[in-house]
Amino acid sequence: MASRFGLSERMFAGPGSKRLVAAVEDGLDSVERALAEELHSTDALVDATSRYLYEAGGKRVRPMLTMLSAQLGEGAVPAVVDAATALELTHLGSLYHDDVMDGADRRRGVASAHQVWGNNIAILTGDLLFSRASQIMARLGERAMALQADTFERLVLGQMHETVGAQPGDDPIAFYIQVLADKTGSLIAASAQAGAIFSGADERYHEPLRMFGEKVGVAFQLLDDVIDLAADPAETGKVPGTDLRAGVPTMPYLLLAATDDAEARALTGRIDDGVARIGEGEDPAILDAPLAALRDHEATARTRELALSWTREATEALKPLPRGGVREALTRFAESLVDRSS
């Protein structure tokens, strides 16, 4: 578990921590087996497209949270494994759709699915994964179906609002934070909550875990905005500035645009002009220099500080949980997310 998030093994050196890690790892192994089974198809095309991003890797952040919170109850019982599998399938499905909408060339170090098979197949693959996730949740009953439906609704609303952008009268920064909470935070929140729900943990822990997950999700995405500007595609698996090149504003850009000085206004104008010219068919490389300037601007450092602030709020949300290994591991987990480079 430590190696998955770049944490020191010494953090989990005590006997209690070792037992916790072993239980979580066993649960994650069960999820991996379930994912492999759910993603397999006798149809050659469906099998290839469905497994594509799964086999490209991923840290399994959401199943990890589900397994951790499940240790507050009966642990990785079959219902917990099923819920974790369904939520990870939902996440995988959303990646296929996101890459089409963002025009992303790469994902997890490989060509994005729509680059390989085209937009239609990528979108249909995402739809298929969503349907499989729903089938799994349906087996778990009404509460699981409601959790899945509510989470999926927020995912769609987040993507829709990101697509249309802030409207006149909206605060662009507050609007963007809400998009992150819906598009990223909701699924992480559901994952943290699911472990407690389906392991039979005390209901008093459900809401704190939901709050924790949502705030961690916002922090995660804010740091992703910083990473999106990183200069080394080999490290991040993405072209630097993918979101901004596609015309999707990120927090560094929004903070830059809100900065009232000549240098910031000039850089904002260069980015806006570059995005418009790319939309007219010019080489995306015209944004290389402006995005490098944004990477080094104070607005990007402020975005990292904002991510740290949301992380602190996430760990504060854990206070109603009992002291012990689970709460400690969740705290370290949150802190690790804003100390990463990819």
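This is a predicted model: local features need pLDDT of at least 70, side-chain atom pairs count only at pLDDT 80 or more; totals for chains, interfaces and linings use all residues.
1. The largest nonpolar core has 59 residues, and L209, F212 and L330 are the ones that touch the most other members. Helix α4, residues 78-102, gives the most to this core: eleven residues. As a general point, nonpolar side chains tend to be buried together in soluble globular proteins.

2. Have a look at F212 next. Which residues does F212 touch, leaving aside those up to four places away in sequence? They are L65, A314, T315, A317, L318, L330, F333 and A334.

3. Now turn to helix α14, which runs over residues 288-295 and has P290, L291 and L294 as its buried residues. If you look down the axis of α14, these buried residues fall within an arc of 95°, so they line one face of the helix. What do they pack against? Their partners are α11 (242-245), α12 (251-257), α13 (262-279) and α15 (298-316).

4. Helix α14 also takes part in the second largest pocket, where it supplies four residues, the largest share of the lining. Both α11 and α14 supply at least two lining residues each.

5. How much space lies in the second largest pocket? About 300 Å³. Its lining is made of 19 residues, with V239, P240, T242, R245 and P284 nearest the centre. Sorted by class, the lining of this pocket has twelve nonpolar, five charged and two polar residues.

Terms used:
Residues are numbered from 1 along each chain as its sequence is written. Side-chain values use heavy atoms; hydrogens and water are left out. A nonpolar core is a set of buried Ala, Val, Leu, Ile, Met, Phe, Trp, Tyr and Cys residues joined through side-chain atoms within 4.5 Å. Buried means under 20% relative accessible area, exposed over 50%, partly exposed in between (1.4 Å probe, protein chains only). Contact means heavy atoms within 4.5 Å. The arc is that of the directions from the helix axis to the C-beta atoms. On a 1 Å grid over the protein atoms alone, a cavity is a set of points where a 1.4 Å probe fits but cannot get out, and a pocket is an open set with protein on both sides within 12 Å along at least five of seven lines; lining residues have an atom within 4 Å of a point. Grid points are joined across faces, edges and corners, and a volume is the space filled by probe spheres set on the points. Ala, Val, Leu, Ile, Met, Phe, Trp, Tyr, Cys and Pro count as nonpolar, Asp, Glu, Lys and Arg as charged, and the others, Gly among them, as polar.
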